[in-house]
Amino acid sequence: MSDTLCIAWELDLAEALKAIEAKRVRGLVAMMPGWASPTGQWSSRQVTEVWLEADDNGKFVTLMDDSGKVFDGAMRSEPSKSRGASELLLRLPPFKSGPTRARSGNAGTSRRRAASKA
């Protein structure tokens with residue numbers, strides 16, 4: 001059984017990740033608003049790492065995408081020059097694109113049987 005979550009705020013993401021086992025997370029995608037995207041349109045980025053950091057401005061979340069680029073989800077004001085505590089909340093293996101796997105089970109068999117009867 002799997003769950004899908006849609007989380008609006010980065011600190012809510014940090015709290016959600018603290019509350020579950022990291023091995024249960026299969027994937028994480030950050031939706032980027034048009035004003036924070038090079039295309040000017042909403043876009044998505046695969047996330048492989050989530051860090052909870054603190055500085056003199058408070059707590060914030062930093063993300064790393066599957067290409068190794070660090071970003072903040074476009075929700076943070078100007079970062080502080082002083083570095084504080086940093087905690088890794090999640091590390092996923094890099095996203096691998098490619099052909100999708102076919103579902104196993106009887107769905108394909110049923111279609112073949114129905115086709116052979118016609």
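Q: Before we turn to M31, what makes a stretch of residues a strand here?
A: A strand is a DSSP run of E with at least two residues, and strands are numbered from the N terminus. M31 has its place in strand 1, which covers residues 29–32. Keep in mind that this is a predicted model.

Q: What does the whole chain look like in those terms?
A: There are two helices and five strands. Along the sequence they follow the pattern α-β-β-β-β-β-α.

Q: Which residues does M31 touch, leaving aside its neighbours within four places in sequence?
A: M31 is in contact with W42, S43 and S44; contact means heavy atoms within 4.5 Å. For M31 and S44, 13 residues apart along the chain, the C-alpha atoms are separated by 4.5 Å.

Q: Why is A85 called exposed?
A: The label exposed needs a relative accessible area over 50%. A85 has 55%, so A85 counts as exposed. This residue is found in the loop between strand 4 (70–71) and strand 5.

Q: What does A85 contact, apart from its neighbours within four places in sequence?
A: Its partners are L52, E53 and A54.

Q: Is S2 buried or exposed?
A: S2 has a relative accessibility of 65%, and since exposed means over 50%, S2 counts as exposed. S2 sits in the segment before helix 1. From S2 to R26, 24 residues apart in sequence, the C-alpha distance is 9.3 Å.

Q: Which residues of helix 1 are buried?
A: In helix 1 (residues 10–19), the buried residues are L13, A14 and L17. That label requires a relative accessible area under 20%.

Q: How do you know that the buried residues of helix 1 line one face?
A: Looking down the axis of helix 1, you find its buried residues within an arc of 100°, so they line one face of the helix. They pack against strand 2 (43–55), strand 3 (58–65) and strand 5 (86–91).

Q: What does L17 touch, not counting residues up to four places away in sequence?
A: L17 touches V25, V50, L89 and L90.

Q: What makes a group of residues a nonpolar core, and which residues have the most contacts inside the largest one?
A: The members must be buried residues of the nonpolar kinds, joined through side-chain atoms within 4.5 Å. The largest such core has 16 residues, and those with the most contacts inside it are L17, L28, V47, V50, L63 and L90. Helix 1, strand 1, strand 2, strand 3 and strand 5 each supply at least two residues of this core.

Q: How do you know that the charged end of R45 sits over the ring of F71?
A: One condition is that CZ of Arg be within 6 Å of the ring centre, and another is that it be within 35 degrees of the ring normal. The charged end of R45 is 3.7 Å from the centre of the F71 ring and does sit over it.

Q: How many aromatic pairs does a search of the whole structure find?
A: The search finds zero.

Terms used. Residues are numbered from 1 along each chain as its sequence is written. This is a predicted model: local features need pLDDT of at least 70, side-chain atom pairs count only at pLDDT 80 or more; totals for chains, interfaces and linings use all residues. Side-chain values use heavy atoms; hydrogens and water are left out. Buried means under 20% relative accessible area, exposed over 50%, partly exposed in between (1.4 Å probe, protein chains only). Helices (H or I, at least four residues) and strands (E, at least two) are DSSP runs, numbered from the N terminus. The arc is that of the directions from the helix axis to the C-beta atoms. Rings of Phe, Tyr and Trp (its six-membered ring) pair if their centres lie within 6.5 Å; planes under 30 degrees apart count as stacked, over 60 as edge-to-face and the rest as tilted.
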